[in-house]
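Please look through the sequence and the model shown below, and then read the short briefing that follows.

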Amino acid sequence: MSIIYGVRHAQYANPNSLVVSRLLGFPLDDAGVKQSIKLAHYFSDKNISAIYSSPELRAYQTADIITRINPQLKPVIKSDLIDDTRTPLDGIS
């Protein structure tokens, strides 16, 4: 049996309260780094074979922190195919 864990991203810096959707940038803030570290410890005893991330900076940083704290994990696989944001602004009906 396989178990799939879904983690979007930890808290990110957004001082102007923008609707960021897929805008570039927006790194994790201090609270987001701490949240990612907690996630890393949560996943430390799980049998994880791969971690995938969207190219969004905040998502990649969250995944990267999890893998750096857990050296048994392989590096994050970044994929443009991972995208959970669809809005009318995307031009997708």
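Is S53 buried or exposed? At 3% relative accessibility S53 is buried, where buried means under 20% relative accessible area and exposed over 50%, with partly exposed in between (1.4 Å probe, protein chains only). This is a predicted model, in which local features need pLDDT of at least 70 and side-chain atom pairs count only at pLDDT 80 or more, while totals for chains, interfaces and linings use all residues. Residues are numbered from 1 along each chain as its sequence is written, and side-chain values use heavy atoms, with hydrogens and water left out.

**Around S53**
- S53 lies in strand β1, residues 52-53, strands being DSSP runs of E of at least two residues and helices runs of H or I of at least four, numbered from the N terminus.
- Leaving aside neighbours within four places in sequence, S53 is in contact (heavy atoms within 4.5 Å) with residues including A59, Y60, V76 and I82.
- A polar atom of the S53 side chain lies 3.2 Å from the backbone nitrogen of Y60.

**The core**
- A40, F43, I48, I51, A63, I66, L73 and V76 make up the largest nonpolar core, a set of buried Ala, Val, Leu, Ile, Met, Phe, Trp, Tyr and Cys residues joined through side-chain atoms within 4.5 Å.
- To this core, α1 and α2 (57-69) each supply at least two residues.
- F43 is in contact with Y5, V7, I48 and I66, again leaving aside neighbours within four places in sequence.

**The start of the chain**
- M1 is found in the segment before α1 (30-43), and M1 is exposed, with a relative accessible area of 97%.

Notes:
A polar contact is a pair of N or O atoms within 3.5 Å; within protein, one must be able to donate a hydrogen and the other to accept it, and residues adjacent in sequence count only if both atoms are side-chain atoms.
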